[in-house]
Amino acid sequence: MLRANQIAFRYPQEGHGLTPVSLNVEPGRITLVTGPSGCGKSTLARCLMGLIPHLYHGEISGEVWLNGYRTDEVPMWQLAEKAGMVFQNPAAQMLAPTVEDEIIFGLENLGLAHDEITTRLETALKDFNLAHMRHRNPQTLSGGEQQRLALAAILARQPDALILDEPLSMLDTTAATELIAYLQKFAADGKALVMFEHRHEYLDGLPELHHVALDGKERETEFPSANLSARETFKLNIDQLHVQLGKREVIQNLDLEMHSGQIVAIVGRNGVGKTTLLRSLAGLQKHGGSVKVSTAHGDETPNFGIAFQNPDLQMFNASVREEMLYRLPNPDLHYFRWLISALGLERYENTPPLLLSEGEKKRVALGLVLMRQPAHGLLLDEPSLGQDQLHKTILMRLLRTLADAGQLVVMTTHDLTLASHADRLILLGPGGEVIADGLSDAVLNDSAAWQKSGILLPDWFLRGRTESR
Amino acid sequence: MRVSPAGRSRQLALVEDSPLRHADPRTKLFLSLAISLVVMTSIERLLIFLGVYVLFLLWARLFIPTVEHIWRLKWVLILLFFLDWWLISLDHAMLICLRLILLTGVFALFFSTTNTRELGLALEKLRVPYRYAFSLSLAFQSLGLLDDEWRAIREAQSSRGALPNVSSFWKFITNVGDLISLTVPAIVLTTKRAWAITEASYARGFDSPHRVSYHSLSFTRLDLLLITGTINLLILLFWRW
């Protein structure tokens, strides 16, 4: 049904792409493609859908066959009748002003009769539990709802094949598990399904799974020994913090105390206010209540560095070195050398950051924050989003080193494996309230708290914890 | 007033209970064009029109959203007013500001009562090729997102001390090169968003020659009233009296 034969592609400016690969996606099975960041997963997904060569131009060799059509020989709209594609960032693929218009858009393009469009629209709204939000603006939905809508909009077109490029990366565990259930139903109908994903744990053990691992050029670098000077101990006191965004009170009278030398993970469903909390700690969000740091010498204004979800917000210099040293009057070059090595970026020191893979860019963004040596520590918003295992390993080693040197590291995450490596875990409920707070292990074992938070602890995660004991 | 949820904080929200929400978008385009034409008239007639326009906005339950929208331009209006008064005359300053207020109001009037799908459909019915009508409606839809991204970039750069110092005009001029810390990320994000939307639309058969329109437009008595009323008003305003 969907077959790639020694397909290879190279983007004209960027110099990287996809090395020759063959893939056969059989109907009725879920084909999972994994591989390290930058190995060409997204490029292969585009080749399978026909977006390469129809939208992207570059050096291409090999061929892709979709339902008997060679993808480079038929127009894009004809390929889109046979296959659908769901992308990594759900917000970026929303085209219409309302949920129902989002679904109608693809059905109009099929040239269907009015009644048929109505029938398919209603079915999609019902099947994907979107009927109650049909008139809402897709941009106001949560990440999980948006990804569900993206899938509904594609599946309403009734394609024979479905291609998904990291659809789970921005979802919490509940939304990710729901999505997998929809995909299993799709494959069970004898359709072809290929999924490119780092978070393959959600699919491991499925009977219909066919796992393909792509080779990557990433190699693990040695972590340099750290010689960071120890900081004075301090406490971060959050007292009656409340934040209102528009008419919605996102954080209501939150009291927390955090200590230097800790890695704290904040976990909660999409939209409960995790990022708003981080922004408040960084001084970027107008808020009520107080956030202050207490030391042996008295209270101080918090001084944290913050690493954002999207590294593209900050990259503009001509090299990684310039990016990390930008506007530092007297940079500590000894610290710079250690940091760039700890981040595994030594060989990219003179490379423009915009040419790096997403994972590498995230590490540069982390590096430029750390080069400023914030007095109290680091705040990270979804640091493992879309990252492969190597990036996560580098990240955790670095965070542990910083915490050992007396810094406070606070991160928001959907990644339960990452959260389990933190010292402390704070679980937020649907209204942004603290449901559980304590040692990571203890909170992860509190199944009642997880149920209350609306976050599902997936089977693969529970199995992994049982086995590790 | 019942206001539907807007996409983002600074996006214009649809005023669902405005009578104009039920008018054909082509009528609203005509209204907008007519008002844009009226701004070319003299200050006396413009003041008369302003009175009629305020009554119309009150009837359409759009007075508050329009004022809020114009309020965002307050500093531009104040600067313009005093510059024109100083350089030319008070009459001229008033005329220019009134024109700008009316034109800004037109934008609010149209986008508070028309969503981008309706705009695209209206353009299609006016024989604008679908590809362009779709692109234009998508561009308007993305305005709020671009605004959010711009703010996110400013925030991210300020958190690392890379925000250009533009606290005064002189500092802006001397540090203009530093604006690169804002412009490069803005270009990168906009390009990425444009590509993401292009991919998503092509993956759903955007360029299909078999495309049909699910929604349709039809003129009602309200449209007829609005169009004839506007034409009469135009005749009155431009009549030699």
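This report walks through the sheets, helices, cores and chain contact of a predicted model.

**A sheet and its helix in chain A**

Let us start with an open sheet of four strands in chain A, which are ordered β2-β1-β4-β5 and pair in the antiparallel sense. Its edges are β2 (17-25) and β5 (69-70), each of which pairs on one side only. Six bridges hold the antiparallel pair formed by β1 (residues 2-10) and β2(A).

**Two covered helices**

Eight of the nine residues of α1(A) are buried, so this helix is largely enclosed by the rest of the structure. Among the buried ones are K41(A), R46(A) and M49(A). After α1(A) comes G50(A), with a positive phi near 95°, and after α8(A) comes G283(A), with a positive phi near 80°.

**A covered strand**

Now turn to strand β7 (residues 161-165) of chain A. Is it mostly covered or exposed? It is mostly covered, with five of its five residues buried. On one side sit A161(A), I163(A) and D165(A), on the other L162(A) and L164(A), and all are buried. β7(A) pairs in the parallel sense with β6 (residues 83-86) of chain A and with β8 (residues 192-196) of chain A. The table sets out these two pairings.

| Pairing | Sense | Bridges | A facing pair |
|---|---|---|---|
| β6(A) with β7(A) | parallel | four | M85(A) and I163(A) |
| β7(A) with β8(A) | parallel | five | L162(A) and L193(A) |

**The nonpolar cores**

The largest nonpolar core has 74 residues, and those touching the most other members are V264(A), L378(A), L379(A), V409(A), V410(A), L425(A) and L427(A). Take V409(A) as an example: leaving aside neighbours within four places in sequence, V409(A) is in contact with I263(A), V264(A), G377(A), L378(A), L399(A), L402(A) and A403(A). There is also a second, separate core, made of 73 residues, which includes F9(A), L18(A), L48(A) and I163(A).

**Two helices crossing in chain B**

In chain B, the axes of helix α2 (residues 43-59) and helix α5 (residues 90-111) come within 11 Å and cross at roughly 35°. This crossing is left-handed. I43(B), L46(B), L50(B) and Y53(B) make the contact from α2(B), while α5(B) brings D91(B), M94(B), L95(B), L98(B) and L102(B). An α-helix has 3.6 residues a turn, so residues three or four places apart point the same way. By type, the residues of the contact between α2(B) and α5(B) are eight nonpolar, no polar and one charged.

**Where the chains meet**

Finally, how many residues does each chain bring to the contact between chains A and B? Chain A brings 50 residues and chain B brings 45 residues. On the side of chain B that touches chain A, α6 (116-125), α7 (130-159) and α9 (180-202) of chain B each supply at least two residues. The largest share of that side, 15 residues, comes from α9(B). By type, the residues on this side of chain B are 20 nonpolar, 15 polar and ten charged.

How values were computed: Residues are numbered from 1 along each chain as its sequence is written. Chains are lettered from A and ligands numbered from 1 in the order in which they are written. This is a predicted model: local features need pLDDT of at least 70, side-chain atom pairs count only at pLDDT 80 or more; totals for chains, interfaces and linings use all residues. A nonpolar core is a set of buried Ala, Val, Leu, Ile, Met, Phe, Trp, Tyr and Cys residues joined through C-beta atoms within 7 Å. A residue is buried if 20 or more other C-beta atoms lie within 10 Å of its own, exposed if 12 or fewer, and partly exposed in between; C-beta atoms are placed from the backbone. Two residues are in contact if their C-beta atoms, placed from the backbone, lie within 7 Å. Two strands pair if DSSP finds at least two bridges between them. Ala, Val, Leu, Ile, Met, Phe, Trp, Tyr, Cys and Pro count as nonpolar, Asp, Glu, Lys and Arg as charged, and the others, Gly among them, as polar. Axes are lines fitted to C-alpha atoms, for helices over the stretch in contact, and angles run from 0 to 180 degrees between N-to-C directions. A crossing is left-handed if the near helix is turned anticlockwise from the far one by less than a right angle, and right-handed if clockwise.
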